[in-house]
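Q: I'd like to learn how to read a few features off a model, one at a time. Could you take me through them?

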Amino acid sequence: MPEGPETHALADRLSLLLVDETLTRVRFVDPKLQRRRAVLEGKRVLAVEARGKALLTAVEGGCTLYTHSHLFGFWRFADEADALPDGAPPRLLLVTVRGAAALYAAPSISLWRTDTLDTQPYLARLGPDVLDPAVDARILLAQMRIPRFAKRTLAMLLLEQDFAAGMGNYLRSEVLFQARLSPYRILQDLTTGERRRLANALLDVPRRAYRAKHDDVLPPGKDYLARTRARFGFEVFERAGAPCPRGDGTVAEIRLAGRRLYWCPGCQH
Ligand SMILES: [Zn+2]
């Protein structure tokens, strides 16, 4: 599943295509949505925003299109709708003079009045988004004081979207590695210093991953060295058996909360 950095990079890509343009054509496979396409078609797009792993496309007239790709949904882009790949029709097609965007496979798609968007079930339970520039360590430290999270293992906690939106499986391993914390630790047992390390890693790792995604779609420029420094590489994720980058052990693979997790028992305590 795309995690926060991928979703935010996708929002940027969609913004280039849609924002300030009029939707000249909108098509849904779902007949109920198709009957309501007039709330989008012919309307100007005001913003495309990622929240957690959802994408929100707001148009003039007070309507917002909600999409969530889940495990299998994916977007394709083309200069025009006819240039999209043949085969099964996309579940959603959006066209402007700049090009076409199509969403395939099994996403969630729904239409909302923008002023009631906060009642959408997925959005209503999202915690602070680790990629939201307004989210800082103070906000994440406050999340850690919420009683319902106290007894969670860090492995479990770092997948919960109501704790930190946009987190996901590769980010979980990388955040714990940067924070030098064992996935088996329980939140309420962390010291003040450990909580601070966790908050900082929760902000730093997803944002570096996002900047690296960005580099992929931008042509190289004169800030090439800055881009290279920002480029993201996995320290432990999918590196089972490799020496720890800190030189004190071997990266191990375990399954926790049903999903693969990579960590170094040598330096994560
Ligand atoms: Zn290590």
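A: Let's start with accessibility: buried means under 20% relative accessible area, exposed means over 50%, and partly exposed lies in between, using a 1.4 Å probe and protein chains only. Asp248, at 35% relative accessibility, is therefore partly exposed. Keep in mind that this is a predicted model, where local features need pLDDT of at least 70, side-chain atom pairs count only at pLDDT 80 or more, and totals for chains, interfaces and linings use all residues. Residues are numbered from 1 along each chain as its sequence is written, and side-chain values use heavy atoms, with hydrogens and water left out.

Q: Which atoms coordinate the zinc ion, and at what range?
A: Donors are N, O and S atoms within 2.8 Å of the metal (3.2 Å for Na, K and Ca), and sites may look incomplete because water is not among the atoms. Here the zinc ion has Cys244 (SG), Asp248 (OD), Cys264 (SG) and Cys267 (SG), at 2.0 to 2.3 Å. Along the chain, the donors are spaced C-x3-D-x15-C-x2-C.

Q: Is Cys264 buried or exposed?
A: Cys264 has a relative accessible area of 0%, so it is buried. Cys244 is buried at 4%, and Cys267 is buried at 7%.

Q: How many disulfides does the rule give?
A: A disulfide is a covalent bond between the sulfur atoms of two cysteines. The test asks for a pair of cysteine sulfur atoms within 2.5 Å, and by that rule the count is zero.

Q: Which strands does strand 4 pair with?
A: Strands (E, at least two residues) and helices (H or I, at least four) are DSSP runs numbered from the N terminus, and two strands pair if DSSP finds at least two bridges between them. Strand 4 runs antiparallel to strand 3 (residues 54-59), with six bridges, and Leu56 sits opposite Tyr66. Six bridges also link strand 4 to strand 8 (residues 108-113), again antiparallel, where Thr67 has Ile109 as its bridge partner.

Q: Why is strand 4 largely enclosed?
A: Six of the six residues of strand 4 (residues 63-68) are buried, so the rest of the structure largely encloses this strand. Cys63, Leu65 and Thr67 point one way, while Thr64, Tyr66 and His68 point the other way.
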